[in-house]
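Welcome! Let us take a walk through this structure together, one region at a time.

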Amino acid sequence: NSRWIAFYQDPKPIAYNTNRVSGAEAPKNWEDLAQPRWKGRLGIPVADGPEWVNVILKIMGQDKGTEHLKRMAAQDIRMEKSNSGLAQLVAAGDLDLAFFVNNAAVEIAKGQGAPIAAVATDPLVTSPQVLIVFKDAPRPFAAALLLDWLTSKEGQERVRDINPRFSARKDVAFPPSFAGRKFLVIGAEQVSKARM
């Protein structure tokens, strides 16, 4: 057995190459990704595929979600091993779009001057990244002290300032570009075994 706590949230926006796709034509929601114009031009992190399917079915319902997934199956989606690699492919123009990619990977590439931007879906899907203390940890009290600081408001603000991620705390501000969005948090029970 183990106990875990959310450390930070990873938003899952739609990313696009700003040299190849204008902000006006970039997909604004999951349905837009099924447009024929994007066939062969988009990718998803392979480990996040099962989570994305679950999210689509939860947001759209079984019938509409299943129809959307059938349309997406015809899109020749490129599946990549890593979020950062996928963001780099979009930034390089090898792909026009990536969806369900971690926002941190997009922000890191953008911070390095890459032509990449993100569109926040509504609801904005996020997944918790967790900290765990195993029951047989050699120094459980030291681990608990570290977790206490990392999950405190001060610790979360520090993490936010050095990483482009959202805090798991409601009292720590997140980027204004995502303001006003409803959030759909993927709980630990929905995270694929491959990710865990």
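Helices here are DSSP runs of H or I that span at least four residues, and they are numbered from the N terminus. With that in mind, and remembering that this is a predicted model, we can begin with Leu147, which sits in helix H5, residues 140-150. Is Leu147 buried or exposed? Its relative accessible area is 16%, and buried means under 20%, so Leu147 counts as buried. Setting aside neighbours within four places in sequence, Leu147 is in contact with Ile5, Leu131 and Val133. Asp122 is 25 residues from Leu147 along the chain, and 31 Å separates their C-alpha atoms.

Two of those contacts, Leu131 and Val133, bring us to strand S7, which covers residues 124-134. Of the 11 residues in S7, 8 are buried, so that the strand is mostly covered. S7 runs parallel to strand S9 (residues 183-185), and 3 bridges join the two. Across this pairing, Val125 stands opposite Leu184 of S9.

Because Phe166 belongs to strand S8 (residues 166-167) and Phe183 to strand S9, the pair ties together parts that are 17 residues apart in sequence. Phe166 is buried at 4% relative accessible area, whereas Phe183, at 35%, is partly exposed.

Which residues touch the most other members of the largest nonpolar core? They are Trp30, Leu33, Trp52, Phe99 and Phe100, out of 24 residues in that core. Several elements supply at least two residues each, including strand S2 (14-17), helix H2 (62-73) and strand S6 (116-119). Helix H1 gives the largest share, 4 residues. Apart from this core lies another, of 13 residues, among them Leu95, Val101, Ala105 and Ala109.

Our last stop is helix H4, residues 103-111, where Asn103, Ala104, Ala105, Val106 and Ala109 are buried. In an α-helix there are 3.6 residues a turn, so residues three or four places apart point the same way. After H4 comes Gly113, with a positive phi near 90°.

Definitions and conventions. Residues numbered from 1 in each chain as written. Predicted model: local features only at pLDDT ≥ 70, side-chain atom pairs only at ≥ 80, totals over all residues. Heavy atoms only, no water. Buried < 20%, exposed > 50% of the residue type's maximum accessible area, 1.4 Å probe, protein only. Pairing = 2+ DSSP bridges. Core = buried A, V, L, I, M, F, W, Y, C linked by side-chain atoms within 4.5 Å. Contact = heavy atoms within 4.5 Å.
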